[in-house]
Amino acid sequence: MPMDFTPLLTSFIPSWNSVYLLLGFFSYLGISGSVLPGNVVAGVSLADGTRLHYRCNGLISLLLLVGLLLVGAWMDLVSLTAISDRGLELLSTTLIFSVIVTLLLYVAGCKSKDRSASLKPHVTGNIIDDLWFGIQLNPNFLGVDLKFFFVRAGMMGWLLINLSVLAKSIQDANLSRSMILYQLFCVIYIMDYFFYEEYMTSTWDIIAERLGFMLVFGDLVWIPFTFSIQGWWLLSNNVDLPTAAIVANCFVFLIGYLVFRGANKQKHDFKKNPKALIWGQPPKVIAGKLLVSGYWGIARHCNYLGDLLLALSFSLPCGISSPVPYFYPTYLLILLIWRERRDEARCAEKYKDVWVKYRQAVPWRILPYVY
């Protein structure tokens, strides 16, 4: 008999409730990001010598939001399962919002007469390219740096979706060890991200990518709604992992975390202080620019290896009965190889002969002796 997809398609239709949830979330982030205390961190120097400054108060904003939601639930003012009850309509609502934002960014960029490195329009004339990659490096709205804001929104959104899925699992009395393990790994990862939020200011997305649909969609839609697929899957599938599998899963997460956080910390510390010790030794540098010590002497993009191991650890609690929970690490592998190739091309153009020497000193791209 033919399957009726009408209920599924209907669940994607945005509602006013999903619009209110999304706008309320963005309003809270805008207000809390502006008024809550936090370290003001200077970004890297831009092409014109200017430096943007970022208020890194994401952790306190997140903790306050979760606290407010818990108090609201205790007072029966909000439902902790509000997101998990309307996940698909929130997905479509956020997608529509991302498209609208991209169009507004394109129009504002085309009309901009600003010649600063942050706001100077980079119009190629190819509308698809300009919409996808964006026109301006660091556009802002009411004094809020939109690129930094959207990354924060995506990471917080991921945690809120997970916590709502967890609340739904508890409500339905089907909380499993796999769900607990997945939730624990994600909470550690996301809390760590906000604890070291200032490190985000020196990442390639912030310092080099212009703000277009690629980043807007990636931050607001892709991160929260695809990184949480494992939680959604566990909500409707029972997985009973043996103790040995749980221990192995924890080991993968731990190694991934050590490589990911260690590599990013070494890079950030080196940019702030080129003489900072790495693994107890003075850093080795090529031409005073490119670090070849620590993790960065093992592979040119070793932080990507840590990221991939972490992504795998988020999926392993789901077992191996279905490929669906492994969408995130599979996609991330493709994305990071594509991004690594783009990084290599840009660095080769920027550093020229110095980059050739760096590649000779560090021959491996991501995984030593493999790639």
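In these legends, Ala, Val, Leu, Ile, Met, Phe, Trp, Tyr, Cys and Pro count as nonpolar, Asp, Glu, Lys and Arg as charged, and the others, Gly among them, as polar. The structure shown is a predicted model.

**Figure 1. The largest cavity in the predicted model.** A search of the whole structure finds two cavities of 30 Å³ or more. The largest of them has a volume of about 70 Å³. Its lining is formed by Thr 102, Leu 105, Tyr 106, Asp 130, Leu 131, Gly 134, Ile 135, Gln 136, Pro 139, Leu 211 and Gly 212. Sorted by class, these residues are six nonpolar, four polar and one charged. Helix H5 (87-111) and helix H6 (127-133) each contribute at least two residues to this lining. The largest share, three residues, is supplied by H5.

**Figure 2. The second largest cavity.** This cavity has a volume of about 50 Å³. The residues that line the second largest cavity are Gly 43, Val 44, Leu 46, Leu 52, Tyr 54, Asn 138, Thr 201, Ile 206 and Ile 207. Six of these are nonpolar and three are polar, and the lining has no charged residues.

**Figure 3. The second largest pocket and the helices that line it.** Two or more lining residues come from each of helix H2 (16-35), helix H3 (58-74), helix H4 (82-85), H5, H7 and helix H10 (213-226). Among these elements, H7 gives the most to the lining, with 10 residues. By class, the lining of this pocket has 25 nonpolar, seven polar and one charged residues.

Figure 4. Gly 157 belongs to helix H7, which spans residues 146-171. Is Gly 157 buried or exposed? The relative accessible area of Gly 157 is 10%, and a residue counts as buried under 20%; Gly 157 is therefore buried. Leaving aside residues up to four places away in sequence, Gly 157 touches Phe 25 and Pro 224. The C-alpha atom of Gly 157 is separated by 9.1 Å from that of Val 221, although the two residues are 64 residues apart along the chain.

Technical notes:
Residues are numbered from 1 along each chain as its sequence is written. This is a predicted model: local features need pLDDT of at least 70, side-chain atom pairs count only at pLDDT 80 or more; totals for chains, interfaces and linings use all residues. Side-chain values use heavy atoms; hydrogens and water are left out. On a 1 Å grid over the protein atoms alone, a cavity is a set of points where a 1.4 Å probe fits but cannot get out, and a pocket is an open set with protein on both sides within 12 Å along at least five of seven lines; lining residues have an atom within 4 Å of a point. Grid points are joined across faces, edges and corners, and a volume is the space filled by probe spheres set on the points. Helices (H or I, at least four residues) and strands (E, at least two) are DSSP runs, numbered from the N terminus. Buried means under 20% relative accessible area, exposed over 50%, partly exposed in between (1.4 Å probe, protein chains only). Contact means heavy atoms within 4.5 Å.
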